[in-house]
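Hi everyone, thanks for making time.

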Amino acid sequence: MFRLSRPLRLLRHCAALACCCAGGLVATAAWPQAKPQAAPYHLRVVGGLADLSQYTRREEPFWKHDLARLSGGRYSAEIVPFDRAGVPGTEMLRLLQLGVVPFGTALMSSFTAQYPEYTAPDLAGLNPDIATLRSTLAAFRPYLEKTLREQHGVEPLAIYVYPAQVVFCGKPLRGLSDLSGRRVRVSSSTQADFVSALGAEPVLTGFAQIVPSFTAGNTDCAITGTMSGNTLGLHTLMTHVHALPVTWGLAVFGANRTAWAALPADLRELLRRELPKLESSIWAESERETADGMACNRGAAECVGGRKGRLVVVPVSAQDERRRSEILASTVLPRWLQRCGARCAQVWNSTIGPVRGIMAPKAP
């Protein structure tokens, strides 16, 4: 019997969800009926990761409440996080391109397999603080936005950031070199490259499996967000946390260009004006949450959003900083270029390389 290929089956499944009156799980624009003036123009949006502050404190309130207020009730929206919408994160860019998801948020780390060039701004060890991340993204953003429009038919509207991803360990840790010989949970190939260069064994593990993996003895340490680690309870399971951000986590919010062009002009203008403000608030939130997560994990009085632990915070030493810089140049960047191909060296050298002072070797 003839069977549809997986992409076609996924497309048919998502299209069915988009048309489902009761589900409302996949982003669609509820286009005006015969008398558009009789009802508000309503959007459905796929947002970022559920339960994280970016979504609960920023994205969700903007679409569910602020849009209607800002438009005087003319426009409204509903939003669902992509990890609860039945939409695989790795398929989000493709679904945006097809228009199955007209308005959606895609984790840039999910592009690794098909479009590794888009992961360049958040390579492990590249951005030791959020100020560096801002300048890295500023150098890369024009290329990213241009290629999303021209190659994917996606209109980029905002780029969000998650808090710093750091190393938690269940045994004493004095510096990055102590990770040698330990099994470390990672969530991406670039994190795996980083810890491998330290002599550690990377273990690719989903977020929900961090605690079971550690308690079963399958991992000794874990890279995750400062506050998300606290939410998981790592402040009670682990003993040490290193202050160096290994990676951060970027997400792009975009629209299918046909769907975007079909919006009323004043709605496009409103979103062009307000989404940069939402982006700015999310970056500020992530910066605060990075610091608050560390404060809570060590049990500091200034802890606000988490639970107080008693972890030893390992500061970034001069030796750690040298190792980060060396590993980025000698391992992380070369391995990313191997996965990415010759064109990526050109992209790197015309965007991030000059800003960070690390140029990729030109192809012979």
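**Aromatic pairs and a covered strand**

Let's begin with Phe111 and Tyr118, which are both buried. Please keep in mind that this is a predicted model.

How do we describe two rings sitting together? A pair of aromatic rings is described by the distance of the centres and the angle of the planes. For Phe111 and Tyr118, the centres are 5.8 Å apart and the planes meet at 80°, so this pair is edge-to-face. The structure holds 7 aromatic pairs.

Now over to Trp336 and Trp348, a tilted pair, with 5.8 Å from centre to centre and 55° between the planes. Which helices do they link? Trp336 belongs to helix α11, residues 318-340, and Trp348 to helix α12, residues 342-350, with the two residues 12 apart in the chain. Trp336 has a relative accessibility of 2%, so it counts as buried. Trp348 is buried too, with a relative accessible area of 1%.

There is also a cluster: ring pairs link Phe62, Trp63 and Phe253.

On to strand β6, residues 165-169, where 5 of the 5 residues are buried. In a regular strand the side chains alternate between the two faces of the sheet. In β6, Gln165, Val167 and Cys169 lie on one side, Val166 and Phe168 on the other, and all are buried.

What are the neighbours of β6? Strand β9, residues 221-225, runs antiparallel to β6 and is joined to it by 5 bridges, with Gln165 standing opposite Gly225. Strand β10, residues 240-242, is also antiparallel to β6, with 2 bridges, and here Phe168 faces Val241.

Technical notes. Residues are numbered from 1 along each chain as its sequence is written. This is a predicted model: local features need pLDDT of at least 70, side-chain atom pairs count only at pLDDT 80 or more; totals for chains, interfaces and linings use all residues. Side-chain values use heavy atoms; hydrogens and water are left out. Rings of Phe, Tyr and Trp (its six-membered ring) pair if their centres lie within 6.5 Å; planes under 30 degrees apart count as stacked, over 60 as edge-to-face and the rest as tilted. Buried means under 20% relative accessible area, exposed over 50%, partly exposed in between (1.4 Å probe, protein chains only). Helices (H or I, at least four residues) and strands (E, at least two) are DSSP runs, numbered from the N terminus. Two strands pair if DSSP finds at least two bridges between them.
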